[in-house]
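Here is a friendly walk through one protein model. Please take a look at it first, and then we can go through its parts together.

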Amino acid sequence: MGCFTFVKLMVVLFNLLIFLGGLTLLVLGIWVSVDGDTFLHQLAPFSGQDLKFINVGFFCIAVGAVMLLLGLLGCCGAHGESKCLLLTFFSILLIIFISEVAAVVVALAYSSFAEGILNAWAAPALQRHYGSDHVFTKLWNTTMTELECCGFTKYTDFVGSEFEQGNGGRLPPSCCWTNSTPCSPYEAERSTVQGCFKHILETIKEHAIIVGGVAAGIGALEIAAMIVPMYLYYHLDTRIS
C-alpha cells in the first residue's frame with residue numbers, strides 16, 4: 001500500500017502543476033485577448049527589438065482550458081480515488097495522444113496530401129477574410145513578415161481576393177522582396193516569394209533533431225501520464241478490499 005500512496009501523491013502533485021499551468025495560460029490568454037497592447041508594453045523592456053502583436057490569446061485560452069480540465073480531473077480522481085474521474089482523465093489524454101500521432105504521421109508520410117487539405121481551408125479563408133477580419137489579417141501579416149513568406153502556397157492566394165479588389169489590385173507588401181507598396185501581382189511574380197507552408201516545412205526539416213526530441217519527450221510524458229492513473233485505477237479495488 002506504500003507504493004500505492006506514493007503513486008497517488010505523485011499523480012496529485014503532477015496534475016496540480018498541470019492545473020496551475022493551465023490557469024496561468026488561461027489568464028494570460030484572456031489578458032492578451034482583452035488588452036494585448038498593455039501586455040506587449042509589459043514585455044517590451046525584455047526585448048531587444050520592437051515586439052509585433054501576434055494574437056495568441058485564443059490559442060492560450062484553448063490550451064489553458066484543456067490543461068485546467070485535465071489537471072482538475074487528475075487531482076480529483078487521484079485524491080478522491082474515483083475510478084470514473086481517472087478513466088475520464090485517461091480517455092482525454094488517449095484521444096489527444098492519438099490525434100497528435102495521427103497528425104505527425106499524415107504530415108510526414110503524406111505531406112502533399114496534408115498540404116492539399118490545409119490549402120483547401122487556407123486559400124478560401126485568405127480570399128474571404130484577409131483585409132476584412134482584423135484578427136485574421138494581423139495574424140497573417142505577422143506570420144508573413146517574420147517568416148518572409150507570402151500566403152499559404154504563394155502570392156496567387158491573394159489574386160482575386162476581396163483585399164486585392166478593395167485595394168486597386170494591390171497585394172500584401174510581404175509578397176514582394178522589396179516589401180514595396182503597392183505590390184502588384186506582376187512584381188510579386190518576379191519576386192518569387194515562397195509560401196508560408198513550404199517555409200515552415202523547411203524550418204522543421206532544418207531543426208528535425210530538436211523537433212523530434214521535443215516530440216519524443218512530450219509523447220513519453222503523455223504515455224507516463226496515462227499509465228500511472230491506470231495503475232491507480234486497477235489497484236483501487238485491491239485497496240478497498
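Which residues does Phe158 touch, not counting residues up to four places away in sequence?

## Around Phe158

This is a predicted model, and in it Phe158 touches Leu126, Gln127, Tyr130, Met144, Cys150, Gly151, Glu164, Leu171, Pro172 and Cys175, leaving aside residues up to four places away in sequence.

## The overall fold

Let's step back to the whole chain. The protein chain has 10 helices and 0 strands. Of its 241 residues, 29% count as buried. Among contacts between residues at least 6 apart in sequence, 64% join residues at least 24 apart. The chain exposes about 14500 Å², with carbon and sulfur atoms supplying 69% of that area.

## Aromatic pairs

The whole structure contains 5 aromatic pairs. One of them is the edge-to-face pair of Tyr130 and Phe163, at 5.0 Å centre to centre with 75 degrees between the planes. Tyr130 lies in the loop between H5 and H6 and Phe163 in helix H7 (residues 162–166), so their pair ties together parts that are 33 residues apart in sequence.

Both Tyr130 and Phe163 are buried, and together with Phe158 they form one aromatic cluster.

Technical notes:
Residues are numbered from 1 along each chain as its sequence is written. This is a predicted model: local features need pLDDT of at least 70, side-chain atom pairs count only at pLDDT 80 or more; totals for chains, interfaces and linings use all residues. Side-chain values use heavy atoms; hydrogens and water are left out. Helices (H or I, at least four residues) and strands (E, at least two) are DSSP runs, numbered from the N terminus. Buried means under 20% relative accessible area, exposed over 50%, partly exposed in between (1.4 Å probe, protein chains only). Contact means heavy atoms within 4.5 Å. Accessible areas come from the Shrake-Rupley method with a 1.4 Å probe; for residues, only the protein chains shown count as cover. Rings of Phe, Tyr and Trp (its six-membered ring) pair if their centres lie within 6.5 Å; planes under 30 degrees apart count as stacked, over 60 as edge-to-face and the rest as tilted.
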